[in-house]
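Biologist: I have just opened this model. Could you take me through some of the main elements?

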Amino acid sequence: MNKNILLTVCASILLCCTMFDSPFAAAQQAGDDECEWRILVAYSREAGQIWNFDHEDLRDRIVTEINNLNVAYDQSLIVTNAVIAVTIHLDDYSETSGGWDDHFERFRLQNEPGLHMEQVHTLRDDYQADMCVLIVNEAHPDNRCGEAIQYVDGGNNEPNAFAIVRRDCLGTTRFTMMHEIGHLQGAGNSPGDGWTYTWGNGHVFNGNRTIMSPWFDPQPRVARFSNPDVLVAGTPTGTANANNARAIRRTGEDVASYRTTPNALVRNNILIPEFRMADNFAANTIETLNQYGALRGSIVHFRAGQRITLNPGFHARTNSFVHARIFSCPDPPGSLVSAVIDNESGAVAGGVELMTLDAYPNPVEENCTIVYRVLEAGPLSLRLVNSLGMEVARLLEGRMHEAGEYRLTIDASSLTEGAYLCVLQSGGDSISRLLTVLK
């Protein structure tokens, strides 16, 4: 549902008080109709040291994993999506000789001296993260790429919604993070392994295996959760006893309710470090107080049902991406991107809802369709920018458009794998959409 946006700039020649307001939006009650799964992603000191000079690469790998997960949900007929709630570099957490069991204990436990990481639990609450994933550098003793605590039907699963993945397994066709998150949602591997649902297992078919099939199966994985109603090359991707999609749908409401959406959210004196991500989500209103900063390469979202207010002290550094959206849950993807802040001063580019932008499929391997809508006639420019801020393609250059919706198909096969921004500009207004290219 599109909504009217009111932009107010006050008190200074720079942006001081920006309000993205939806006066006609119906209030959503906190905790009602939770429509997404929110995921906290942390990484250890050692994993961070591997990317010491390229945290951008780690950020993009995490984005790719979650984008792939949402594509798999969609293609497996699981009608919901996952969101990165926040990412954390645990620079004070060092991997020890205790192994993976020790990681699990220290990652998930709290209020036990010597075992807890309060930062994880504090941010899990602050950003309403339903599930948590830790990225480590240490090899698994069985050479696995990850582990997770299996969802138990009827149990108290919220304290155990934790998974661990190896950093070298990210961004590959092993789909490791997706696999472990599936376990947190009740999806199993194979019959006889004691999973929560005897019918909720992965599946092997026509020389392929679905996301949740066992790690030791030799077949290549396809980005599907098993579902007998979904076909690949004319063959069902599941059976009555191999239906991950049914398991995930069954547990979905419970998992999404681990942390509920607040009616109002206030962010006070927050700094989002370089190449980290934060999603601020509230049913009705979000407001920043005092200092709120987004450093270079960070990706920050503000999403609220009625109003977003960025008060004096808000700032965003060069090459940070700050998006503000008036958003009802559920809401069609790409229904509104009201602002993108991407410069040193923190001024807003595109403060009113003059344009919308979306791209599908996303992630993309070959052809991608870009859908954009403009409410006023005028010249438009559309360009593709890589993660270094370099323009790699200029798709439109000052072409006149009447008000309306337009579609443009691009060939992404020549692009290297990674994250790109698709930027649509009209005069002084601009919006962008993150596009992930896979190979």
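**Strands, then helices**

Biologist: Which residue of β13 stands opposite L271?
Modeller: Opposite L271 stands G293 of β13. Please note that this is a predicted model, in which local features need pLDDT of at least 70 and side-chain atom pairs pLDDT 80 or more, while totals for chains, interfaces and linings use all residues. Residues are numbered from 1 along each chain as its sequence is written, and side-chain values use heavy atoms, without hydrogens or water.

Biologist: And how do β11 and β13 run, parallel or antiparallel?
Modeller: Strand β11 (residues 264-272) pairs with strand β13 (residues 285-294) in the parallel sense, through eight bridges. Pairing requires at least two DSSP bridges between the strands; strands are DSSP runs of E with at least two residues, helices runs of H or I with at least four, both numbered from the N terminus.

Biologist: Which strand does β13 join by four bridges?
Modeller: That strand is β15 (residues 307-310), which runs parallel to β13. I286 has I308 of β15 as its bridge partner. Three bridges also pair β13 with β16 (residues 314-316), again in the parallel sense, and there Y292 faces F314.

Biologist: What about β20? How does it pair with β23?
Modeller: β20 and β23 (residues 404-411) are antiparallel, with eight bridges between them. N367 lies opposite D411 of β23. In β20 (residues 367-374), six of the eight residues are buried (under 20% relative accessible area, with a 1.4 Å probe and protein chains only), so the strand is largely enclosed by the rest of the structure.

Biologist: On to the helices. At what angle do α2 and α5 pack?
Modeller: α2 (residues 55-75) and α5 (residues 176-184) pack at about 60 degrees, and their axes are 9 Å apart.

Biologist: How many residues of α5 are buried?
Modeller: Nine of the nine residues of α5 are buried, among them H179, E180 and H183. The elements covering them include α2, β2 (36-44), β4 (131-136) and α6 (244-256).

Biologist: What follows α5?
Modeller: G186 follows α5, with a positive phi near 95 degrees.

Methods:
Axes are lines fitted to C-alpha atoms, for helices over the stretch in contact, and angles run from 0 to 180 degrees between N-to-C directions. Buried means under 20% relative accessible area, exposed over 50%, partly exposed in between (1.4 Å probe, protein chains only). Contact means heavy atoms within 4.5 Å.
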